[in-house]
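Subject: Structure for you to look at

Hello,

Here is the structure I said I would pass on. Please open it alongside the sequence, then read the notes below.

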Amino acid sequence: MKQFEIYIAAQRATGMQITIFGIALLLVAVLLHFSQLNPITQGLRNSFLVISILLLVSGIGFIVNQKSLLKSKTETYQADPSEFKKQEVERMEGVNKSVPKIILGLSIILIIILLALILLIKQPLWRGVSYGISIYFLGLLIVESISYLSVKTYLNALLN
């Protein structure tokens, strides 16, 4: 159960990282709003505003979800520790398989956006939007990669 609590703490930290990323992009969007606007900074501002809202909602939702997961799994553990372990091994093996696919998907999307920026997108406003989206996917890629470490650590603890 101790390893599960450590895992939940790490996942809450991931939720906080996502939320802080959202706050940071929102602050940049506000600063860009009051700075000299050109089409690229307008695109950045607009994309950061939308992305920051998505990040704030998903980060806070992730934190709340971890709290409810902790509560339900604690109840399962108290009722039947062996059933808890069985459920957690199954759940974490699924997570362990899906996270590398998510990381690969984010990497592919980031590469496609960057190639489109270089080869296709010529209008300054859309270049700014594309830069904003690239920053979003890069941030998600970093957060997912960090989070994956706690997934692997917890799964290894469950299997040993």
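Leu25 has a relative accessible area of 5%, and the cut-off for buried is under 20%, so Leu25 counts as buried. This comes from a predicted model, so treat the values as computed from it. Leu25 lies in helix 1.

Which residues does Leu25 touch, leaving aside its neighbours within four places in sequence? They are Phe48, Ile51, Ser52, Leu55 and Ile135. Take Leu55 from that list: Leu25 and Leu55 are 30 residues apart in sequence, and their C-alpha atoms are 9.1 Å apart in space.

With its neighbours within four places in sequence again set aside, Leu55 is in contact with Ile18, Thr19, Phe21, Gly22, Leu25, Tyr136 and Leu140. Leu55 also belongs to the largest nonpolar core, which has 31 residues. Together with Met92 and Tyr154, Leu55 touches the most other members of that core. At least two core residues come from each of helix 1 (2-34), helix 2 (39-79), helix 3 (81-119) and helix 4 (124-159). Helix 4 gives the largest share, 10 residues.

The largest pocket has a volume of about 350 Å³. It is lined by 22 residues, and Gln11, Thr14, Phe62, Glu144 and Ser147 are the closest to its centre. Helix 1, helix 2, helix 3 and helix 4 each supply at least two residues of this lining. By type, the lining residues are 13 nonpolar, 7 polar and 2 charged.

Regards

Technical notes: Residues are numbered from 1 along each chain as its sequence is written. This is a predicted model: local features need pLDDT of at least 70, side-chain atom pairs count only at pLDDT 80 or more; totals for chains, interfaces and linings use all residues. Side-chain values use heavy atoms; hydrogens and water are left out. A nonpolar core is a set of buried Ala, Val, Leu, Ile, Met, Phe, Trp, Tyr and Cys residues joined through side-chain atoms within 4.5 Å. Buried means under 20% relative accessible area, exposed over 50%, partly exposed in between (1.4 Å probe, protein chains only). Helices (H or I, at least four residues) and strands (E, at least two) are DSSP runs, numbered from the N terminus. Contact means heavy atoms within 4.5 Å. On a 1 Å grid over the protein atoms alone, a cavity is a set of points where a 1.4 Å probe fits but cannot get out, and a pocket is an open set with protein on both sides within 12 Å along at least five of seven lines; lining residues have an atom within 4 Å of a point. Grid points are joined across faces, edges and corners, and a volume is the space filled by probe spheres set on the points. Ala, Val, Leu, Ile, Met, Phe, Trp, Tyr, Cys and Pro count as nonpolar, Asp, Glu, Lys and Arg as charged, and the others, Gly among them, as polar.
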